[in-house]
Amino acid sequence: MEEEEKQEKTKKIFSQEVWKEPCFRDTMLVGSSSGLISGLATFIFTSSGRKMFHASFLGFLVPYIGYGSYCWYTTSKQQAYIDKINETISKIDKDEPI
């Protein structure tokens, strides 16, 4: 009974379980940590809240898009390679010419 309740309480954003996406966690960690570091560094050197906000927002957005694009591209490339291997294996099992 308790296990069913735990499964129902999974974290969802826009009715999708984004935590199961292969690159979501890593991309969020890279983006948020770089945003935090750039925001703190800007605040230490300028003592301006507005500049700190701009720096932390760009510090989050640029690595998030950059690393996310790279990660999603490599993941899709690996998945295409795995699909090709599985197709070849299924052809070998059926004794078809490759």
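Thr27 is buried, at 1% relative accessible area. Buried means under 20%, exposed over 50%, partly exposed in between, with a 1.4 Å probe and protein chains only. This is a predicted model: local features need pLDDT of at least 70, side-chain atom pairs count only at pLDDT 80 or more, and totals for chains, interfaces and linings use all residues. Residues are numbered from 1 along each chain as its sequence is written, and side-chain values use heavy atoms, with hydrogens and water left out.

What does Thr27 touch, leaving aside neighbours within four places in sequence? Tyr64, Tyr67 and Gly68. Contact here is heavy atoms within 4.5 Å.

Thr27 sits in helix 2. Helices are DSSP runs of H or I, at least four residues, numbered from the N terminus. Helix 2 covers residues 24-46. Its buried residues are Phe24, Thr27, Gly31, Gly35, Gly39 and Thr42. They pack against helix 3, 49-93.

Now the length check. Expected span is 1.5 Å times one less than the number of residues. Just after helix 2, Ser47 has a positive phi of about 55°.

On to charges. The rule: a side-chain nitrogen of Lys or Arg within 4 Å of a carboxyl oxygen of Asp or Glu. Arg25 pairs with Asp26, closest N and O atoms 3.9 Å apart. Arg25 is exposed, at 54%. Asp26 is partly exposed, at 32%.

Lys91 pairs with Glu87 at 3.7 Å, N to O. Both lie in helix 3, 4 residues apart, about one turn. Lys91 is partly exposed, at 28%. Glu87 is partly exposed too, at 47%.

Technical notes: Helices (H or I, at least four residues) and strands (E, at least two) are DSSP runs, numbered from the N terminus.
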